[in-house]
Amino acid sequence: ILIQPESDYHSSYERLLSKLRLLRGEDEEAAMHLTGPKVMALTSIQGHEGKSLSAYNIAIASARAGRRTLLIEADFRAPSQAARIGIDFDPQAASEPLRYYGAQVGNSIQMVFEVENLYISPSPGPQPQPTAIIESSEMQRFLRDARARFDMVILDTPPLSCCEDALLLEPYTDGLILVARPGITEKAELDSTLETMEFSEDMRLLGVLINAASTPVETKTPAAEVTQAEPLETSPEPWSAQTVTSSRIDF
């Protein structure tokens, strides 16, 4: 939606943000003063599900809605994608990642001039020991500062199939959004992951973002939450199916 400002997908991300604002915690009295989760992590089960594109588009939509928004590229196993939106990256950060996050918060955050209110923290990856960065006091302090300084913080984390990074970062967020894509995400893996998250007392799943759903879906059922978007990663042709007559999307 940055490349195509008039994209039809923009309304889908605006709708997603509206649904997030309606989420409430277990303490209803305290939740009355909240506007939904402030810090969230996006992950997926495997690659090519459009997770990074979704993270970028949610951040752009949030910034355009007037919220001071920070996108943190929290995949330390892959190179930064910030160059796609014209953000230069300091190569020294790759050799000194703890100093990169341990300095003043502004040193690892850059303004996106094309989108008012949008900031990005490029990843210093790929790193040989990404888990050490996540568990470092520098990263924990960085995330606390980001929560205090921004209206919304979005973490783009690696897929669950390759590592546990998203689960390690989840305690520093208000919950996870799982990105799935018909034709790419395996149904058995999706069911297993959702079941694990559902029964976990320490993890909060905010919802599932169904990406690249090319067939219109009726959303009369409240449980059906659908956001359409195109994948950022190189991947096969979008999934297509015959006419869908209910709010369910088959994987």
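C163 is buried, with a relative accessible area of 8%, whereas C162, at 47% relative accessibility, counts as partly exposed. These values, like the others in this report, come from a predicted model.

The sulfur of C163 has its closest cysteine sulfur in C162, at 3.5 Å, which is too far for a bond. A disulfide is a covalent bond between the sulfur atoms of two cysteines, and the cut-off used for one here is a pair of cysteine sulfur atoms within 2.5 Å. A search of the whole structure accordingly finds zero disulfides.

## The sheet

Seven strands make up an open sheet with mixed pairing, and their order across the sheet is β3-β4-β2-β5-β1-β6-β7. The edges are formed by β3, at residues 110-111, and β7, at residues 205-210, each of which pairs on one side only.

Within this sheet, strand β2 (residues 69-73) runs parallel to strand β5 (residues 152-156), and five bridges join the two.

## Aromatic rings

A search of the whole structure finds four aromatic pairs. One of them joins F76 and Y101, whose ring centres are 5.9 Å apart and whose planes stand at 75°, so the pair is edge-to-face. F76 lies in the loop between β2 and α4 (92-95), while Y101 belongs to helix α5 (residues 97-102), so this pair ties together parts that are 25 residues apart in sequence. F76 is buried, at 0% relative accessibility, and Y101 is likewise buried, with a relative accessible area of 2%.

Y101 also pairs with Y100: the ring centres lie 4.8 Å apart with the planes at 70°, so this pair too is edge-to-face. Both of these tyrosines, Y100 and Y101, are buried. A single aromatic cluster is formed by F76, Y100, Y101 and F142.

A further ring, that of F150, has R68 lying over its face, at 4.9 Å from the ring centre.

## An exposed proline

P171 is found in the loop between α8 (165-169) and β6 (176-180), and it is exposed, with a relative accessible area of 56%. Although P171 and M203 are 32 residues apart along the chain, their C-alpha atoms are separated by 7.5 Å.

Notes. Residues numbered from 1 in each chain as written. Predicted model: local features only at pLDDT ≥ 70, side-chain atom pairs only at ≥ 80, totals over all residues. Heavy atoms only, no water. Pairing = 2+ DSSP bridges. Helix = DSSP H or I, 4+ residues; strand = E, 2+ residues; numbered from the N terminus. Buried < 20%, exposed > 50% of the residue type's maximum accessible area, 1.4 Å probe, protein only. Phe/Tyr/Trp six-rings, centres within 6.5 Å; stacked < 30°, edge-to-face > 60°. Lys NZ or Arg CZ within 6 Å of the ring centre and 35° of its normal.
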